[in-house]
Protein chains: 2
Amino acid sequence: MRLYTYFRSSAAYRVRIALNLKALPYEAVPVHLLRDGGEQLGAAFRAVNPGALLPALEDGDTTVTQSLAIMEYLEERHPLVPLLPADAAGRARVRGLAMDIACDTHPLGNLRVLKYLVHTLKLDEEAKLEWLRHWMGLGLATVEEHLARDVATGRFCHGDTPSMADCCLVPQVFNARRFGLDLESYPNIARVDANCAALPAFQAAHPSAQPDAE
Amino acid sequence: MRLYTYFRSSAAYRVRIALNLKALPYEAVPVHLLRDGGEQLGAAFRAVNPGALLPALEDGDTTVTQSLAIMEYLEERHPLVPLLPADAAGRARVRGLAMDIACDTHPLGNLRVLKYLVHTLKLDEEAKLEWLRHWMGLGLATVEEHLARDVATGRFCHGDTPSMADCCLVPQVFNARRFGLDLESYPNIARVDANCAALPAFQAAHPSAQPDAE
């Protein structure tokens, strides 16, 4: 399998964790989001993903885009280390948490959105950071409340093994730290994040451990 | 089942289509997004979904949030009218298309984001509409390119039966029309949308057909 990735792409980071948890080997194909105005916007990568967004996974003749769709695909093709629980209610909870990040939090702080804020809306650095922290804070508060109120929360977002929810949460926490969001208000998230950070699968997926890291 | 919904909520509209396609009866619980500063922000609805976003589905003791997680839950509990194809590659394609809308398009035009643009960033009406059309246009162009290039596209986004991708696309097209986006550049989307509009399941889910429509 080939994964189109960039060391700091939050969505690619999710899939790297999933691949590592399932112990699936893959070839990393770096796509530099900043070089030459963004390699993801060039014809070569648009031929892979017309959405011009990372990640994309190639598996033989099959190309899959969207990080959550890739994780579901891996789950179906390689079920052995499951990233979803067995019961429908549990699966729905994990997917809901993953989507609280992947649909309602991360897309608002994506690189192309920040570019629009700065270049089209002419926001200054402080207003841009305020935007980022606002939406990240809302997203993390939602996940924190889900984790705090539900007995299904364990060492990880759902029980005591990592799931797709943790694959999404950890890269979002990485971003939150990077942009100076205070994590003290999210004790359950901080605890889960620390438990994930102790696992080799998460460590090997970390941006700083990637071949294209700067 | 009880569905927390608002007639014009794009994400609730997706789930209404899915429920109708599967012929599953449900009780609609209206949550008015504009009344009293937004009923979704009140304590009553936050007890259901701490994310304060529609939709949410209650099925006995199980509460599911996030429209795509709800559709996956319905698919697992009520597989009889499938909204995903049988093969892993096809399922990945449908999920990828659904997420092109649900992750990368719709969240940028959500009500709470528009409020931030107007109240915090002080954008005027024209700049707000420009923002909306920009992200909607990018999202629809991505889906259009996927539909145009892939032989798996049929009368609907994937083959000749409706899938989760159509459940997401139709409400996004409704929004695009509402905000004055020209759809001429998206012939495949327009064709699929017209085929969906001919089906009673889509008609009954339309905002104008809801009990809380204004």
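1. Strands here are DSSP runs of at least two residues, numbered from the N terminus, and two of them pair if DSSP finds at least two bridges between them. The model is predicted. In chain A, strand S1 (residues 2–5) and strand S2 (residues 27–30) are joined by four bridges and run in the parallel sense. Within this pairing, A:Tyr4 has A:Val29 of S2(A) as its bridge partner. Between S1(A) and S2(A) the chain passes through helix H1 (residues 10–21) of chain A, giving a right-handed β-α-β crossover.

2. How many residues of chain B are in contact with chain A? On the chain B side there are 45, and they touch 45 residues of chain A. The two chains bury about 3800 Å² between them, with 65% of that area on carbon and sulfur atoms.

3. Six salt bridges are counted between chain B and chain A. One of the salt bridges joins A:Arg95 to B:Glu72, with the closest N and O atoms 3.7 Å apart; the cut-off for such a pair is 4 Å. Polar contacts between chain B and chain A come to 16 residue pairs, both residues being at pLDDT 80 or more.

4. Which elements of chain B give two or more residues to the side that touches chain A? They are helix H2 (43–48), strand S4 (62–65), helix H3 (67–77), helix H4 (88–102), helix H5 (111–120) and helix H6 (125–149) of chain B. Sorted by class, this side of chain B has 24 nonpolar, nine polar and twelve charged residues.

5. In chain A, the bond between A:Leu54 and A:Pro55 is cis, with omega about -5°. A:Pro55 sits in the loop between helix H2 (43–48) and strand S3 (56–59) of chain A. In chain B, a cis peptide bond links B:Leu54 and B:Pro55, and omega is again about -5°. The place of B:Pro55 is the loop between H2 and strand S3 (56–59) of chain B.

6. One further backbone angle deserves a look. Where in chain A is A:Asp36 found? A:Asp36 lies in the loop between S2 and H2 of chain A. A:Asp36 is not a glycine, yet its phi is positive, at about 50°.

Technical notes
Residues are numbered from 1 along each chain as its sequence is written. Chains are lettered from A and ligands numbered from 1 in the order in which they are written. This is a predicted model: local features need pLDDT of at least 70, side-chain atom pairs count only at pLDDT 80 or more; totals for chains, interfaces and linings use all residues. Side-chain values use heavy atoms; hydrogens and water are left out. A crossover is right-handed if, with the strands pointing away from the viewer, the path from the first strand over the helix to the second runs clockwise. Contact means heavy atoms within 4.5 Å. Buried area is the accessible area (1.4 Å probe) that two parts lose on being put together, summed over both. A salt bridge is a side-chain nitrogen of Lys or Arg within 4 Å of a carboxyl oxygen of Asp or Glu. A polar contact is a pair of N or O atoms within 3.5 Å; within protein, one must be able to donate a hydrogen and the other to accept it, and residues adjacent in sequence count only if both atoms are side-chain atoms. Ala, Val, Leu, Ile, Met, Phe, Trp, Tyr, Cys and Pro count as nonpolar, Asp, Glu, Lys and Arg as charged, and the others, Gly among them, as polar.
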